Amino acid sequence: MENIKVEVEYCNKCGYFLKFEELKQHITEQHSDIEVVGREGRQGAFEVKINNSLVHSKLQTLAYPDYADLVYLIGDAKLGKEVKGPCKQQPITSCVVS
């Protein structure tokens, strides 16, 4: 089993730090040995990398990653499998079209 690192770039101005903390808790509940680090980044960003491979981009999808799918991808990485993205995304429920 190799060391796995999950990196999240988030927009603090958008309030995404709390989303990062939620994601980090979800991952560490399932994989307590995983290093999950976050850093403030670009406006609107919630970008997730597993071992430097981008697996989710809110800038591209306008959605948050599906936490269960991320946990699945981390499990694959722990088994030595190639990290393949993109991961599934959460449904967008806060969008209003007028």
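Me: Which residues are in contact with Val 83, leaving aside its neighbours within four places in sequence?

Reply: This is a predicted model, in which local features need pLDDT of at least 70, side-chain atom pairs count only at pLDDT 80 or more, and totals for chains, interfaces and linings use all residues. Residues are numbered from 1 along each chain as its sequence is written; side-chain values use heavy atoms, with hydrogens and water left out. Contact means heavy atoms within 4.5 Å. With neighbours within four places in sequence left aside, the contacts of Val 83 are Ile 50, Ser 53, Val 55 and Ala 77.

Me: Is Val 83 buried or exposed?

Reply: Val 83 is in the segment after helix 3, where helices (H or I, at least four residues) and strands (E, at least two) are DSSP runs numbered from the N terminus. Buried means under 20% relative accessible area, exposed over 50% and partly exposed in between, with a 1.4 Å probe and protein chains only. Val 83 has 16% relative accessibility, so it counts as buried.

Me: How far apart in space are Val 83 and Phe 46, C-alpha to C-alpha?

Reply: Phe 46 is one of the residues with the most contacts inside the largest core. Its contacts, neighbours within four places in sequence aside, include Val 8, Phe 20, Leu 23, His 56 and Pro 65. Val 83 and Phe 46 are 37 residues apart in sequence, and their C-alpha separation is 18 Å.

Me: What is the orientation of helix 1 to helix 3?

Reply: The two helices pack at an angle of about 50°, with their axes 10 Å apart; axes are lines fitted to C-alpha atoms, for helices over the stretch in contact, and angles run from 0 to 180 degrees between N-to-C directions. Angles under 35 degrees count as roughly parallel, over 145 as roughly antiparallel, 65 to 115 as roughly perpendicular and the rest as oblique. The angle therefore makes helix 1, relative to helix 3, oblique.

Me: Which residues of helix 3 make the contact with helix 1?

Reply: On the side of helix 1, the contact is made by Lys 19, Glu 22, Leu 23, His 26, Ile 27 and Gln 30. On the side of helix 3, the residues are Tyr 67, Ala 68, Leu 70, Val 71 and Ile 74.

Me: What value is phi of Asn 52 near?

Reply: Asn 52 is also in the loop between strand 3 and strand 4. Its relative accessibility is 61%, so Asn 52 counts as exposed. Asn 52 is a residue other than glycine with a positive phi, near 70°.

Conventions. A nonpolar core is a set of buried Ala, Val, Leu, Ile, Met, Phe, Trp, Tyr and Cys residues joined through side-chain atoms within 4.5 Å.
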